[in-house]
Amino acid sequence: MTLLNTPANQTLPAEPFVGQMLINGRFVEAMAGKRDTRFSPAHQIAVGSYPQAQAADVDLAVKAARTAFDAGIWSEITAAERADVLLKVADLILRDLETLALQESLESGKPLVQARDEVKGTTNLWRYAAALARTLHGESYNTLGKDMLGVVLKQPIGVVAMITPWNFPLWILCQKLPFALAAGCTAVIKPSELTSGTTVMLGKLLQEAGVPDGVVNIVTGLGPDAGQPLVEHEGVDMITFTGSTRVGRAIAEVGGRQLKKVALELGGKNPQIIFPDCDWDAAVDAVVFGVYFNAGECCNSGSRILVHEAIAEQFTAAVIDKAKSVAVGDPLHPDCKVGAIVSEAQMNGILSHIDAARKAGAEVRLGGKRLPSGQGYYLEPTIITGVSPEMPVAKEEVFGPVLAVLTFKDVKDAIQLANSTCYGLSAAVWSKDMDVCLETARAIKAGTIWVNTFLDGYAELPFGGFGDSGLGRELGKSAVEDFTETKTVQLHIGPRRHWWLPK
Ligand code: NAD
């Protein structure tokens with residue numbers, strides 16, 4: 001397999017983007033003055049430099065968010081006014097699409113073409129949140145008797161801490177921030193230390209759109225130094241986290257101790273189930289797309305396929321054939337489909353998963369090695385067969401371009417295999433028999449089931465996981481309500497019957 005090189009007409013940035021933290025409407029350095037540089041995983045050049053926040057910086061950011069919330073400068077304006085600002089943010093993201101997409105691609109290693117689609121797609125989330133903002137209405141009960149009217153108010157929950165990972169930095173933030181803002185909340189964001197650029201750039205756009213000072217604050221830095229103090233801060237009312245199950249569990253423990261609301265979007269080991277009567281070409285393509293999209297660094301990665309034993313060999317051969325032709329290489333190349341792995345540590349982790357699968361007796365039928373490159377972290381698209389359900393590669397999230405192939409005998413067996421990991425984020429079923437599709441879709445314990453398709457997503461449809469894949473849902477019609485607290489107001493009408501009247 002040959003790597004795509006940097007196109008001749010593509011210039012790499014001469015200087016890194018120098019970002020600052022956003023606290024109370026001002027772009028600032030960390031108090032201790034520390035910064036860290038992000039090198040692009042494809043070219044090993046400096047592409048970003050960010051302050052390294054510690055507890056004292058986080059404290060300032062949370063206090064700013066608290067003060068802004070309590071002052072009512074955002075929480076008490078009308079939903080229509082908030083919606084106008086959110087719509088402006090969408091327009092500004094579109095205006096700066098090229099700058100944002102390039103930074104996203106340089107820091108994460110994902111194809112620039114894909115980054116453009118993602119940045120554009122986020123505007124849809126801002127517009128949907130703007131629409132939802134004006135539908136938040138609570139409930140009224142006129143059924144409680146002549147002397148009572150019950151009103152259920154939805155009020156913004158307060159200060160929301162948002163912690164995001166490196167694989168879809170801007171997209172994942174936009175699954176949270178517009179909806180929290182639509183509800184009237186204020187926020188402190190801590191992006192991944194590997195990909196802070198687009199979050200910091202968004203901070204400028206929020207200001208330009210008219211988000212008041214202190215409503216959105218951004219701290220950059222490491223998880224233990226900046227993320228943990230944020231989660232533990234008593235000024236935070238809710239935490240929404242996307243990332244690994246390990247860190248998510250630790251955050252849920254803090255939430256449990258402090259009785260804060262916690263929403264978690266975590267890992268997955270998502271099966272695509274292939275029945276013999278499926279549309280063969282569509283299923284082969286979706287399997288290749290499902291596992292190699294974003295280099296497999298995707299919570300929704302279709303990292304295992306369960307294939308009916310009658311077609312297993314032939315289907316796998318077709319997948320291998322197509323996977324061989326997938327274009328890997330410089331993310332800035334217009335033909336690139338699989339870019340660089342985000343870091344050396346991530347690449348080595350993926351390689352050790354492949355090694356462990358080999359040692360467990362599975363067969364690496366395609367790829368399995370680092371692709372030779374002067375600078376970048378590139379892996380061959382990999383396919384592992386002969387995988388049995390108890391092997392780690394069948395159960396653990398690899399988070400790389402590695403497909404595990406397992407086989408099944410019948411529908412019952414397929415469902416049992418699909419449900420045999422601790423995760424439950426998503427799954428797909430491929431068959432022309434709708435009875436089989438529905439039986440399987442109903443029985444799989446996962447938050448999203450695709451039938452004869454893979455990885456589609458809509459702002460209108462809730463997203464999240466069962467089991468170790470998370471807590472709560474993002475998007476969907478309750479996406480704004482998720483950032484509210486419920487208050488019951490009971491209005492008595494006319495004279496109240498006394499509890500005790502002295503005789
Ligand atoms: P990670 O858990 O290592 O880090 C995520 C974020 O948490 C980063 O900003 C990090 O700095 C911060 N963090 C780390 N330690 C912390 C701590 N002790 N306290 C507070 N914050 C801390 O995850 P990652 O490697 O950035 O991302 C990959 C993981 O994210 C994968 O497991 C993937 O499945 C998951 N993910 C899930 C979804 C989803 O929607 N379900 C989407 C994307 C990624």
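How many bridges join strand 11 (residues 238-242) to strand 12, and do these strands run parallel or antiparallel? In this predicted model, local features require pLDDT of at least 70 and side-chain atom pairs count only at pLDDT 80 or more, whereas totals for chains, interfaces and linings use all residues. Residues are numbered from 1 along each chain as its sequence is written, and side-chain values use heavy atoms, with hydrogens and water left out.

Strand 11 and strand 12 run parallel and are joined by five bridges; strands are DSSP runs of E with at least two residues, and helices are runs of H or I with at least four, each numbered from the N terminus. Two strands pair if DSSP finds at least two bridges between them. Within this pair, T240 stands opposite A263 of strand 12. Strand 12 (residues 261-265) is largely enclosed by the rest of the structure, because four of its five residues are buried (under 20% relative accessible area, with exposed over 50% and partly exposed in between; 1.4 Å probe, protein chains only).

Strand 4 (residues 35-39) and strand 5 (residues 46-51) run antiparallel and are likewise joined by five bridges. R35 has P51 in strand 5 as its bridge partner. Six residues lie between the strands of this hairpin, in which Q44 takes a positive phi near 60°.

Among the helical residues, P224 is located in helix 8 (residues 223-232) and counts as exposed because its relative accessibility is 60%. The C-alpha atoms of P224 and A55 are separated by 9.7 Å, with the two residues 169 residues apart along the chain. E439 lies in helix 15 (residues 434-443) and is partly exposed, at a relative accessible area of 46%.
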